Each structure stands twice: as C-alpha cells, then as structure tokens.
Amino acid sequence: MTFPQIVTYTLASLTVFAQIMSLALLVVMFFTKGDNAVIKFFKKYGMMIAFIVVITATLGSLTYSDIIGYNPCKLCWFQRILMYPLVLILGVGIWHKISYRTSTLYALILSIMGIPLAFFHYLVQLGFINAPCSTAGISVSCTERSFTTFGYITIPIMALSAFLLVALIMLVLRSDKNVDLQS
C-alpha cells in the first residue's frame, strides 16, 4: 500500500465512524427522553471529541494538498475556511476554559455553514449540479475526485461527516443547562 492509500483508507474509515456516531447521536437526540448514557458521554467528552474531529480533518486536508499533492478546488477552499478556525475555537475552549457557551456557539455556526457547502460539493462531484469551479488554471475542477473509497467517500463527504458530527456535538453541549452561561 502506498502512503496516499494508507491516508485515504484511514480517513475514510474515520469518516464511516463519524457517520455512525452522528447517526447514533441523531437517534438518541430525537427518540429518547432525558439524559441517557450516550448524551452524558457527549456532554462529558464532546468538546474533546469535536476537537479531535476538526484537527484530524485539518491535518487530513493539509496532508492531501501539501504532502500527497492533491490540489484543492474552490469549494474545498471554502470548506477549509470553515473547518480550520474550528481547531482554534475548540482548542481555546478546552485549554483556556473560556465559556463553553461561546465556543460551542461559534463552532455550531461554522459547522452548520459547512454542512450544505460540503453536500453541494458532493453533488457537484456526482454530476447532479453543474458548477463552473475551474478558472483558467487557478483551481482544479470541483468535479474532480482524487479518490472514491468504499464506493461513496470522497473529500467532500469526509468534510460533511466532520461538520455534521461537530454540529451535533455542539447541540448536545449547548443543551446542557449546567454549562457556563457567560458570553
């Protein structure tokens, strides 16, 4: 296996894990009452899990572009613009103990903005939407797929899964009445 294949299969596997976690969180959030074990777990460890998700997504995107050599398209850049600040927002929220309400709000906003953008990019890659992303050598085409793993995972699906999981975790954290309510 080559280095790009190892990176891709590792990130694709983490993407599937993030999708399973997101589905579990959605089911628990909408079909159970009160704080069950899953919600309690995410209230306790959610900020750290979200931080690990965004740092993995950030390092993964940098590995693809700066080490492996996949050039990001315009839509990839917009997704990066929304993902990269999450590392700082969540990192500062964890280590400097600033208000969880403030950091979760900012993280939720960026994640919610990233979800439709990544989904749109995936639809462009699949050919359902025609988006003129490439401009005379400035950017690669947004329809270009550097890989497709497990039959459906491409870079936009990786970003979508990360944004979705972070948004759901932030919703759980913001629902906790015991967190710091300062702004």
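## The largest pocket

H2 gives the most to the lining of the largest pocket, with nine residues. Helices here are DSSP runs (H or I, at least four residues), numbered from the N terminus. Keep in mind that this is a predicted model, where local features need pLDDT of at least 70, side-chain atom pairs count only at pLDDT 80 or more, and totals for chains, interfaces and linings use all residues. Residues are numbered from 1 along each chain as its sequence is written, and side-chain values use heavy atoms, without hydrogens and water.

The volume of this largest pocket is about 710 Å³, taken as the space filled by probe spheres set on grid points joined across faces, edges and corners. A pocket is an open set of points on a 1 Å grid over the protein atoms alone, where a 1.4 Å probe fits, with protein on both sides within 12 Å along at least five of seven lines; lining residues have an atom within 4 Å of a point. The lining has 41 residues, and Thr56, Ala57, Ile155, Met158 and Ala159 lie nearest the centre. By type, 25 are nonpolar, 13 polar and three charged. Nonpolar means Ala, Val, Leu, Ile, Met, Phe, Trp, Tyr, Cys and Pro, charged means Asp, Glu, Lys and Arg, and the others, Gly among them, are polar.

## H1 against H2

The axes of H1 and H2 come within 11 Å and cross at roughly 155 degrees. Axes are lines fitted to C-alpha atoms over the stretch in contact, and angles run from 0 to 180 degrees between N-to-C directions. H1 is therefore roughly antiparallel to H2, a label for angles over 145 degrees.

Contact means heavy atoms within 4.5 Å. Residues of H1 that meet H2 include Phe3, Leu14 and Met29, while Val38, Thr56 and Ile68 are among those on the H2 side. This contact divides into 16 nonpolar, four polar and no charged residues.

## H2 against H3

H2 and H3 have axes that come within 9 Å and cross at roughly 140 degrees.

The contact of H2 with H3 has 15 nonpolar, five polar and one charged residue.

## H1 against H5

H1 and H5 pack at about 35 degrees, with their axes 9 Å apart. Met158 of H5 takes part in this contact.

Terms used: Helices (H or I, at least four residues) and strands (E, at least two) are DSSP runs, numbered from the N terminus. Angles under 35 degrees count as roughly parallel, over 145 as roughly antiparallel, 65 to 115 as roughly perpendicular and the rest as oblique.
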